[in-house]
Amino acid sequence: NRRLVLASRPTGAPSNDNFRLEQTDIPKPADGQVLLRTVFLSLDPYMRGRMSDAPSYAEPVAIDDVMVGGTVNRVVESKLEGFSAGDWVLSYTCGWQDYALSDGTMLINLGTGPTHPSLALGLLGMPGFTAYMGLLDIGAPKEGETLVVAAATGPVGATVGQIGKLKGCRVVGVAGGPEKCDFAVKELGFDTCIDHYADDFDQQLAAACGDGIDVYFENVGGKVFDGVLPLLNTKARIPVCGLVARYNATELPEGPDRLSLLMGTILTKRLKVQGFIIFDDYGYRYDEFYQQMSRWYADGKIKYREQVVDGLEQAPEAFAGMLEGKNFGKLVVRVGED
Ligand code: NDP
């Protein structure tokens with residue numbers, strides 16, 4: 001059994017040295033347990049927070065513990081009611097390793113033959129759910145409004161923008177580089193997409209948002225937010241989902257203190273700015289999301305792009321790359337055979 005444990009806490013960007021690959025025996029299930037074999041491991045930005053011991057909404061991973069992560073597994077052996085050998089499952093307790101035991105906690109049975117098992121880690125799982133609830137419940141988009149979303153080709157942003165189109169919004173994406181921007185427009189159906197690496201990013205964004213911004217779905221923070229702030233309309237809504245531009249930051253950004261500008265804009269424009277943590281705040285609405293998103297996907301109304309990296313040992317590098325935008329689509333690691 002190969003497993004990746006947290007060897008040390010990163011300062012700045014995570015590196016391979018923060019992880020250690022270990023070999024252990026494959027455990028044996030006791031009564032009330034199942035033995036799981038990992039097929040896919042999800043890599044997500046929140047994991048950067050779990051590597052750090054700064055105060056957060058969730059406990060950090062302890063040094064020498066297996067890194068946390070959502071996985072899609074097969075049941076190898078079951079001594080737990082409701083699970084049989086061969087079943088596909090979604091687990092939130094197995095993490096970055098080949099084999100793990102589970103007592104059924106945070107374990108969802110996906111049946112014997114899901115058509116696209118790794119969707120449970122993306123469009124039909126945590127990122128898709130995040131896009132759906134954050135946009136519809138907090139963003140409350142209306143027909144004809146302008147919606148802006150960054151990380152536009154990632155699993156959250158791509159889904160936000162496509163739901164925005166289904167709701168009749170004008171959708172402006174922000175992404176890193178021309179290839180991703182092309183994809184957002186041609187494949188995902190966004191009205192336009194701005195490259196945040198462009199020197200004149202602010203001007204391009206302003207030109208693309210001639211009627212101002214009614215919903216800004218915040219995935220990244222940093223200079224994208226700086227460009228968005230002056231364009232926000234009165235009564236604009238900002239679901240604050242993530243701030244990935246600063247997950248590796250070790251200190252506050254340089255420059256003048258703009259807190260009074262931000263608070264003044266919230267006041268005078270009467271903005272709604274609301275953070276959310278998907279399962280904590282909306283877990284009770286998962287079924288509603290799952291039904292609707294499955295239908296949209298089956299009807300071809302929502303598209304989904306995935307990037308699969310081969311081999312558990314590649315996970316640390318792929319994860320670090322994602323925080324810098326090296327992924328293109330939902331990043332998953334293929335850990336083992338079907
Ligand atoms: P992605 O696959 O989209 O990966 C992150 C992307 O962020 C990168 O690919 C990159 O895209 C972009 N990015 C990184 N640095 C910058 C930067 N400095 N400026 C602009 N863009 C940057 O991730 P997800 O779709 O999984 O997650 C998107 C966001 O949603 C994250 O902030 C995540 O933490 C958050 N999230 C929050 C949840 C919640 O419950 N609140 C639950 C799930 C996710 P590009 O190359 O296009 O710039």
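Let's start with two helices. Helix α2 covers residues 126–139, and helix α3 covers residues 155–166. They pack at an angle of about 45 degrees, and their axes are 8 Å apart. That makes α2 oblique to α3. The word comes from the angle: 65 to 115 degrees would count as roughly perpendicular, and under 35 as roughly parallel. Keep in mind that this is a predicted model.

Which way does α2 pass α3? The crossing is right-handed.

Now the residues that touch. From α2 we have Pro 127, Gly 128, Thr 130, Ala 131, Tyr 132, Leu 135 and Leu 136. From α3 come Pro 155, Val 156, Thr 159, Val 160, Ile 163 and Gly 164. Sort this contact of α2 with α3 by class and you get nine nonpolar residues, four polar and no charged ones.

On the α2 side, the contact uses Gly 128, Phe 129, Tyr 132 and Met 133. On the α9 side, look for Tyr 286, Phe 289 and Met 293. By class, α2 with α9 gives six nonpolar residues, one polar and no charged.

Let's zoom out to the whole chain. How is the protein chain divided into domains? The assignment gives domain 1 as 2–121 + 304–334, and domain 2 as 126–279. Notice that domain 1 is written as two stretches. Taken over C-alpha atoms, the centres of domain 1 and domain 2 are separated by 29 Å. The two domains do touch: 14 residues from domain 1 meet 13 residues from domain 2. On the domain 1 side of that contact, five residues are nonpolar, six polar and three charged.

Last stop, the ligand. How many residues surround the ligand? There are 32. The closest are Gly 154, Gly 176, Gly 242, Ala 245 and Gly 325. Helices α2 and α3 return here: along with α6 (222–228), they are the elements that give two or more residues to the shell. What is the shell made of, by class? It has 19 nonpolar residues, 11 polar and two charged. And where does the shell come from? Both domains contribute: at least three residues from domain 1 and at least three from domain 2.

Methods: Residues are numbered from 1 along each chain as its sequence is written. This is a predicted model: local features need pLDDT of at least 70, side-chain atom pairs count only at pLDDT 80 or more; totals for chains, interfaces and linings use all residues. Axes are lines fitted to C-alpha atoms, for helices over the stretch in contact, and angles run from 0 to 180 degrees between N-to-C directions. Helices (H or I, at least four residues) and strands (E, at least two) are DSSP runs, numbered from the N terminus. Angles under 35 degrees count as roughly parallel, over 145 as roughly antiparallel, 65 to 115 as roughly perpendicular and the rest as oblique. A crossing is left-handed if the near helix is turned anticlockwise from the far one by less than a right angle, and right-handed if clockwise. Two residues are in contact if their C-beta atoms, placed from the backbone, lie within 7 Å. Ala, Val, Leu, Ile, Met, Phe, Trp, Tyr, Cys and Pro count as nonpolar, Asp, Glu, Lys and Arg as charged, and the others, Gly among them, as polar. Domain bounds come from an automatic or database domain assignment. A residue is near a molecule or strand if its C-beta atom, placed from the backbone, lies within 6 Å of it.
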